[in-house]
Amino acid sequence: MTADEAHSILTKNCDLDVGKFYGSSSTLTLGSGLIYSNVRHPKFDHSDNLFSTVEGAAYVLTHECDVDQRNERSFNDYVTICPLIAISAFVVEYDAAFRDDNQLRGFLTAIAKREVSRVVYIPPKSGDLKFGAFAYLNNLSSTHVSVFANALPVAAVSAYGLREFDQALTNHLLRPKAQRLSFET
């Protein structure tokens with residue numbers, strides 16, 4: 001499958017109002033709802049079962065006041081991020097994980113319809129997000145605030161986009177536990 005084909009499946013089945021997803025980043029400081037390229041973050045290396053660092057696009061989750069370096073307080077030196085997987089990289093890296101194109105098409109359709117809580121579809125935007133991307137919510141991570149010292153965001157979500165992403169995050173992380181917990185202490 002090509003990135004164009006994957007993009008077409010996602011667009012056709014997307015429940016988002018894609019035209020409302022992005023806003024202006026020109027006046028925003030580092031904080032939630034911004035997407036940066038070349039963010040250094042950890043990535044698990046299956047060949048040696050260790051984490052290494054890579055650079056890639058990432059969606060910022062930490063609120064801006066919690067990483068504002070002008071605020072002299074403890075615990076404001078790390079930024080929580082969700083690394084993004086570009087659709088073009090996804091089709092190359094994950095195509096072999098599916099037994100055939102129909103299974104892959106079904107998975108992409110389910111993501112677009114928000115039936116897969118662990119993956120959020122990020123609509124296309126010029127540049128790094130040409131075909132869109134996936135935010136893999138089981139891969140939340142953090143990186144040092146200095147990574148962003150000279151970086152400019154490549155995109156910012158709008159109030160609508162932030163609400164949609166936050167709802168997906170809430171649905172994934174705060175949904176009821178599937179297994180019953182003991183009442184004993």
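Guide: Let us begin with overall dimensions. The radius of gyration is taken over C-alpha atoms, and the globule rule is 2.2 Å times the number of residues to the power 0.38. For 185 residues a compact globule would have a radius of gyration near 16 Å, and the protein, with 17 Å, agrees with this. Its C-alpha trace spans about 55 × 55 × 40 Å along the principal axes. This is a predicted model, in which local features need pLDDT of at least 70 and side-chain atom pairs count only at pLDDT 80 or more, while totals for chains, interfaces and linings use all residues. Residues are numbered from 1 along each chain as its sequence is written, and side-chain values use heavy atoms, with hydrogens and water left out.

Visitor: How many helices and strands does the protein have, and in what order do the elements run?

Guide: Helices (H or I, at least four residues) and strands (E, at least two) are DSSP runs, numbered from the N terminus. The protein has four helices and eight strands. Their order from the N terminus is α-β-β-β-β-α-α-β-β-β-β-α.

Visitor: What share of the residues in the protein is buried?

Guide: Buried means under 20% relative accessible area, exposed over 50%, and partly exposed in between (1.4 Å probe, protein chains only). Buried residues make up 40% of the 185 residues.

Visitor: Is histidine 41 buried or exposed, and which residues does histidine 41 touch?

Guide: Histidine 41, placed in strand 2, counts as buried because its relative accessibility is 7%. Contact means heavy atoms within 4.5 Å. Not counting residues up to four places away in sequence, histidine 41 touches Ser52, Thr53, Val54, Gly56, Ile81 and Pro83. Serine 141, in strand 7, is likewise buried, at 14%. With neighbours within four places set aside, serine 141 is in contact with Pro42, Val79, Thr80 and Ile81. Tyrosine 78 is found in strand 4 (residues 78-86) and is partly exposed, with a relative accessible area of 49%. Beyond four places in sequence, the contacts of tyrosine 78 are Thr62, Val67, Ser142, Thr143, His144 and Val145. Across the protein, 68% of the contacts with a separation of 6 or more are between residues 24 or more positions apart.

Visitor: How many aromatic pairs does a search of the whole structure find?

Guide: A pair of aromatic rings is described by the distance of the centres and the angle of the planes. Rings of Phe, Tyr and Trp (its six-membered ring) pair if their centres lie within 6.5 Å; planes under 30 degrees apart count as stacked, over 60 as edge-to-face and the rest as tilted. The search finds eight aromatic pairs. In one of them, tyrosine 36 and phenylalanine 148 are edge-to-face, at 4.9 Å centre to centre and 70 degrees between the planes. Tyrosine 36 lies in strand 2 (residues 34-45) and phenylalanine 148 in the loop between strand 7 (141-144) and strand 8 (153-157), so the pair ties together parts 112 residues apart in sequence. Both residues are buried. Elsewhere, Phe90, Tyr94, Tyr121 and Phe134 form one aromatic cluster.

Visitor: How many disulfides are counted?

Guide: A disulfide is a covalent bond between the sulfur atoms of two cysteines. The rule applied is a pair of cysteine sulfur atoms within 2.5 Å, and the count comes to zero. Cysteine 82 is in no disulfide, the nearest cysteine sulfur being that of cysteine 14, 17 Å away. Cysteine 82 is buried, at 0% relative accessible area, whereas cysteine 65 counts as partly exposed at 35%.
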